Amino acid sequence: MAAGSAYRQERRPRSFYALAVFFALFVVFLYGPVVTILTLSFQGPSGGLTFPMNGFSFYWFERLWGGGGTVDIGTAFRRSLALGSTVMVLTVVISVLAGLAFRRKFVGSTPLFYVAIASLIVPSIVVSLGIALEFRIVDDVFRPILSSIGLVSRRGNSLGLFTSGLGAHLSWTLPFGLLIMFAVFNRLDKSYEEAARDLGASNFQSFRYVILPMIAPFLIGIALFGFTLSWDEIARSSQTMGSTNTLPLELAALTTTVTTPEIYALGTSVTAVSFTVIFGTLAAFILLQRRRQRRALAD
Amino acid sequence: MDAPARAGASTAEKSISSGARKRRTSWTPMWVAYLQAAPLALVFLLFFILPLLATFVVSFWNYTEYSIEPAFVLSNYQDVFYGCFSGSSGLCTTFATYLSTLKFVAIVWATTLFIGFTVAYFLAFHIRTLPMQIALFMVCTIPFWTSNVIRMISWIPLLGRNGLVNETLQSIGIVDAPIEWLLYSDFAVALALVHLYTLFMVVPIFNSMMRIDRALIEAAYDAGASGWQTLTNVIIPLVKPGILIGSIFVVTIVTGDYLTIGIMGGQQIASVGKTIQTQINFLQFPIAAANAIVLLAVVLLTIWGMLRLVDIRKEL
């Protein structure tokens with residue numbers, strides 16, 4: 001970091017080694033348990049929930065995905081994937097728009113910001129219950145009217161994956177997206193935009209050809225938050241998914257009923273998707289940064 | 001930012017944009033900003049504000065075994081606080097539940113603060129190159145993007161009756177019989193909560209530390225401060241906002257938690273969130289709503305109290 005401190009601290013102080021050990025232990029604490037279930041998911045057919053490993057096999061994965069096991073996981077998997085992708089796209093679009101809006105003061109900007117922060121902090125079970133109640137009330141009030149003119153069926157409810165479920169997830173991902181946009185726009189040099197305006201760019205042109213390329217790597221970050229937060233979200237989903245279940249909800253239900261390594265196989269599968277998304281995103285981020293640096297050098 | 005200052009700022013901005021003498025900060029017309037903010041506002045209105053209002057309204061409704069009916073009764077709140085103010089010895093259910101939650105809040109807050117501060121301190125002040133800092137920071141962050149439930153159940157093969165910890169302890173000969181309180185216990189709940197949420201302390205504290213001007217630390221050394229004195233007199237006061245933000249996250253998450261306490265406590269430990277969930281499962285929405293409103297009030301009061309402790313606006 002600072003050249004001065006690096007110069008002065010030629011030799012690492014003793015506290016460095018103590019803290020390095022502490023940090024290493026923290027990383028073991030973070031990853032150790034997950035590594036154990038990743039390992040145990042490859043348990044042999046006669047293996048149990050704990051060590052030792054009874055051989056190595058894909059038996060539990062075959063059981064899980066073959067449909068011969070306890071749960072039909074494919075449907076929930078596809079459902080979560082579809083919802084996560086939708087949440088990802090909407091989070092990026094809405095966050096960027098809001099980030100642009102927040103670059104200037106508008107009436108209600110401060111309350112809107114506080115609402116976003118509140119949405120992050122209010123216990124998810126409260127939000128989840130609230131959305132469920134809201135939809136019940138709306139159903140009770142409007143469904144008779146709408147069904148009388150033949151728009152919807154008389155019975156049934158509006159709670160579902162892409163109605164209340166989508167909204168519940170957005171109420172959780174958007175504060176993160178907004179905070180990232182704040183950080184991005186706070187560090188964005190205004191001169192480029194001003195130069196674009198001086199050269200006669202329109203509003204849209206200066207956004208499309210100047211701002212967007214500059215913020216693109218960070219949009220990948222927002223997309224990462226959008227997808228992974230939705231993919232793993234459970235507390236806000238609990239009351240808002242109607243009759244359908246997302247993957248984390250299935251998983252939580254299984255913790256009390258399944259006593260075979262099948263649940264570890266499911267855990268490994270879910271984590272594999274998370275890791276693919278995380279590392280794919282990080283790779284895309286690094287690639288974009290590199291390409292930009294090369295272009296900057298070429299100029 | 002208080003209201004008069006804001007009003008002043010916006011009028012100042014208006015005069016700038018109409019005069020257009022000073023450096024312009026925006027070229028788009030004002031209505032564009034409203035249009036851009038509209039989707040965000042709409043999502044929060046439909047899926048945050050109105051749901052909270054619905055919860056508040058329903059908490060005064062009546063319910064029977066099979067339906068809920070609009071009304072204005074206080075019976076739900078009376079049920080929530082049943083026996084709390086009667087003066088009889090022993091705590092009522094609600095107070096006992098909150099007390100149990102408070103215990104977890106205290107343990108988890110202290111532990112995550114200690115670990116979070118130490119990790120952030122190491123990353124910010126002992127790692128010398130930025131790429132290395134980012135890499136190690138990412139190592140801490142990646143688990144945050146994976147499933148909480150999986151991170152909870154991953155303790156089972158370690159802490160269970162025949163788990164790795166018990167097997168190891170027995171083979172070394174420290175204990176004769178497996179320790180029973182490792183899993184499905186208060187210990188397991190606290191451990192899992194620390195495991196899940198330490199990152200919420202690391203990130204804001206690390207952020208605050210990275211903003212500290214290194215010259216201040218140099219100056220402290222030059223003035224003869226020891227490492228410990230620099231830590232307590234320079235660094236800690238400067239990272240207070242980060243500590244506060246991390247604390248707000250951890251305290252509110254643990255207060256409203258029901259999943260971790262459910263899974264790691266073997267569904268045996270009470271929490272407010274769990275109470276609400278049980279009542280929802282029995283379709284007793286009004287009393288669940290009353291409990292949710294009380295929980296919301298407790299969380300907001302806690303945040304208010306914490307903000308009083310540290311004036312975050314002054315610190316930023």
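**A first look at chains A and B**

Hi everyone, let's start with chain B: of its 316 residues, 39% count as buried, where buried asks for 20 or more other C-beta atoms, placed from the backbone, within 10 Å of a residue's own. A word on the source: this is a predicted model, in which local features need pLDDT of at least 70, side-chain atom pairs count only at pLDDT 80 or more, and totals for chains, interfaces and linings use all residues. Residues are numbered from 1 along each chain as its sequence is written, while chains are lettered from A and ligands numbered from 1 in the order in which they are written.

Chain B has 17 helices and two strands; these are DSSP runs, numbered from the N terminus, with helices being H or I of at least four residues and strands E of at least two. I'll call two residues in contact if their C-beta atoms, placed from the backbone, lie within 7 Å. Take the contacts in chain B between residues at least 6 apart in sequence: 68% of them join residues at least 24 apart.

Let's zoom in on B:Pro204, which sits in helix H10 (residues 199-211) of chain B. Is B:Pro204 buried or exposed? B:Pro204 counts as buried because it has 21 C-beta neighbours inside 10 Å. Leaving aside neighbours within four places in sequence, B:Pro204 touches B:Gly242, B:Ile245 and B:Gly246.

Now, how do the two chains meet? The contact takes 72 residues from chain A and 80 residues from chain B. On the side of chain A that touches chain B, the largest share, 15 residues, comes from helix H2 (residues 14-40) of chain A. By class, that side of chain A has 48 nonpolar, 18 polar and six charged residues. Here Ala, Val, Leu, Ile, Met, Phe, Trp, Tyr, Cys and Pro count as nonpolar, Asp, Glu, Lys and Arg as charged, and the others, Gly among them, as polar.

Staying in chain A, please find helix H11 (residues 262-298) of chain A. Its 37 residues should span 54 Å at 1.5 Å a residue, and the end C-alpha atoms are 53 Å apart, which agrees; the expected span is 1.5 Å times one less than the number of residues. The buried residues of H11(A) include A:Glu262, A:Tyr264 and A:Ser274. Among what covers the buried residues of H11(A) are H2 and helix H9 (203-232) of chain A, together with helix H6 (148-153) of chain B.

Technical notes. Buried ≥ 20, exposed ≤ 12 C-beta atoms within 10 Å, placed from the backbone.
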